[in-house]
Amino acid sequence: MNVSLYVWQRGTAIVMAPMVAVHLVAIFYAAGHGMTAAEILSRTRGSIGWAAFYGLFVVAASVHAAIGLSNVLGEWTPLRRRGAGMIAVVFGVILFAFGMRAVGAVTWP
Amino acid sequence: MTAPTTKPMPADTHESAGDPWQSGARLRWSALRPEHRKHLLWLAALLHRLSGLGLALFLPLHFIALGLALDGEARLDGFLRWTEAPLVKLSEGVLVFLLSAHALSGLRVLAIENLAWHGHQKWLALAAIIFAAALAVLFLANTL
């Protein structure tokens with residue numbers, strides 16, 4: 001077991017736990033208050049708060065998902081630590097790039 | 001003293017359910033589903049892992065969809081209209097379940113690893129699953 005990866009995965013989990021709760025509330029709120037592009041973007045465009053919140057969420061989720069994926073690949077596939085790690089890093093980088101693009105797309109004024 | 005001519009058959013107990021294809025033995029169906037896989041906490045751990053994988057597969061698509069806003073509201077609106085389809089809404093309900101279940105079972109893992117042992121793990125795991133399902137049902141009730 002890699003202690004550093006263990007700590008990062010648990011740490012990002014702790015960071016994300018309350019963020020998931022906020023995100024679920026946001027999902028329910030959006031579902032009840034309009035889900036057109038104009039309605040969604042009117043709530044998020046120009047908001048530094050939402051940009052910071054979801055920016056942090058993307059960073060934490062990218063790290064957490066990549067480490068989790070590495071664990072699953074190492075346990076459920078013939079891949080060993082190096083191969084699983086490489087795939088996980090690529091996945092994490094992709095998630096981060098697309099995620100930050102999405103945050104910019106909905107919060108940039 | 002002569003050597004035994006047949007391999008001793010293992011006792012048909014769950015403790016010896018290692019290799020179901022032991023030579024000379026008939027296939028023991030119980031070995032394909034060892035006892036621990038019927039345990040609620042094992043199933044909860046499997047749900048935690050599968051929900052994590054499901055969310056990991058969904059996230060890039062979610063980010064790509066939100067990125068459509070870069071091409072203008074009309075582009076994003078076109079996609080959002082597609083999500084109004086009942087099957088898509090049902091899938092969104094499943095995603096709400098996966099997110100809630102993964103987060104709640106993750107909290108249980110953190111509690112096990114960092115707090116004093118709590119004996120009612122089965123109840124906690126069951127409560128997490130039921131609460132996640134209730135959230136999903138509530139979401140679908142609000143949107144369908």
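**Close-up views of a two-chain predicted model**

**View 1. B:Ala69 is found in the loop that joins helix H2 (40–66) to helix H3 (73–82) of chain B.** The model shown here and in the following views is predicted. B:Ala69 has 24 other C-beta atoms within 10 Å and is therefore buried, the criterion being 20 or more. Beyond its neighbours within four places in sequence, B:Ala69 is in contact with A:Ala37, A:Leu41, A:Ala105 and A:Val106, and with B:Leu76. B:Ala141 lies 72 residues from B:Ala69 in sequence, and 27 Å separates the two C-alpha atoms in space.

**View 2. The contact between chains A and B involves 28 residues from chain A and 27 residues from chain B.** On chain A, at least two residues each are supplied by helix H1 (3–33), helix H2 (37–44), helix H3 (48–76) and helix H4 (81–107). H1(A) gives the most to this side of chain A, with ten residues. By residue class, the side of chain A that touches chain B comprises 22 nonpolar, four polar and two charged residues.

**View 3. Helix H4 (residues 86–114) and helix H5 (residues 121–143) of chain B cross at roughly 155°, their axes coming within 8 Å.** Because angles over 145 degrees count as roughly antiparallel, H4(B) and H5(B) are described as roughly antiparallel to each other. The crossing of H4(B) past H5(B) is right-handed. Residues making the contact include B:Val94, B:Phe97, B:Ala101 and B:Leu104 of H4(B), and B:Ala125, B:Ala128, B:Phe131 and B:Leu135 of H5(B). The contact of H4(B) with H5(B) divides into 16 nonpolar, four polar and two charged residues; B:Lys89 and B:Arg108 of H4(B) are among the residues that make this contact.

How values were computed
Residues numbered from 1 in each chain as written. Chains lettered and ligands numbered in written order. Predicted model: local features only at pLDDT ≥ 70, side-chain atom pairs only at ≥ 80, totals over all residues. Contact = placed C-beta atoms within 7 Å. Helix = DSSP H or I, 4+ residues; strand = E, 2+ residues; numbered from the N terminus. Nonpolar A, V, L, I, M, F, W, Y, C, P; charged D, E, K, R; others polar. Axes fitted to C-alpha atoms, helices over the stretch in contact; angles between N-to-C directions. Parallel < 35°, antiparallel > 145°, perpendicular 65-115°, else oblique. Left-handed = near helix turned anticlockwise from the far one by under 90°. Buried ≥ 20, exposed ≤ 12 C-beta atoms within 10 Å, placed from the backbone.
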